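Colleague: Could you take a close look at one part of this model with me? I'd like to go slowly and build up a picture.

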Amino acid sequence: MGEEATRVMIGVNESSLKGYPHPSISSKGAFDWTVSKIIRNNVSAFHLLFLHVQVPDEDGYDDVDSIYASGEDFKNMKQQEKARGTHLLEYFVNRCNEIGVTCEAWIKQGDPKEVILNEVKRVRPDLLVVGSRGLGPFQKVFVGTVSEFCWKHAECPVMTIKRNADETPRDPVDD
């Protein structure tokens, strides 16, 4: 009788330095760590679940002043945003295909902390893996930390992967 694959959810986001479709340093690190330390050569025993949460801008869109935007402009921007998120997820799906591990990937919108917790409740992974930027206490107050929130509140074990020291940008908020 075959055993069910261990389901590992990985929260991924885009790079704040390079933008879409480049994965953030933290996301790429979380994925690479999961592959090298958990999956190793046992690809058939795991199923990866990639979640990307797009955070809507306060007025809805970064690129257009909403005073001058038409309904068609907003529709086009929503389609572009979805396409950028899809390209980000393609990076991780392609890497999984290269090593032979099965995976799923999807996009949600909202506050990453809340969305990740809701998706953990809905999907029920065996493990949640998130990257950490290594913010200091002062930066945490203003920026917040998704990894710490998930670690405290998720209904499954959470593994937080720190960035390597040589990958940390001058400002840890950048990723």
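Predicted model: local features only at pLDDT ≥ 70, side-chain atom pairs only at ≥ 80, totals over all residues.

Where is the place of E81? And what can you tell me about the aromatic rings?

Modeller: E81 has its place in helix α2. With a relative accessibility of 15%, E81 falls under the 20% cut-off, so it counts as buried. Apart from neighbours within four places in sequence, E81 is in contact with Q54 and Q109. Take Q54: along the sequence it is 27 residues from E81, yet in space the two are 8.3 Å apart, C-alpha to C-alpha.

Now for the rings. To describe a pair of them, we give the distance of the centres and the angle of the planes. Searching the whole structure turns up four aromatic pairs. One of them joins F31 and F50: the centres are 5.8 Å apart, with 50° between the planes, which makes the pair tilted. F31 belongs to helix α1 (residues 25-39) and F50 to strand β4 (residues 46-54), so this pair ties together parts 19 residues apart in sequence. F31 and F50 are both buried.

F50 also pairs with F92, and here the rings are stacked, at 5.3 Å centre to centre and 25° between the planes. That pair links distant parts of the chain, as F50 is in strand β4 while F92 is in helix α2 (residues 71-99), 42 residues apart. Like F50, F92 is buried.

Methods:
Residues numbered from 1 in each chain as written. Heavy atoms only, no water. Phe/Tyr/Trp six-rings, centres within 6.5 Å; stacked < 30°, edge-to-face > 60°. Helix = DSSP H or I, 4+ residues; strand = E, 2+ residues; numbered from the N terminus. Buried < 20%, exposed > 50% of the residue type's maximum accessible area, 1.4 Å probe, protein only. Contact = heavy atoms within 4.5 Å.
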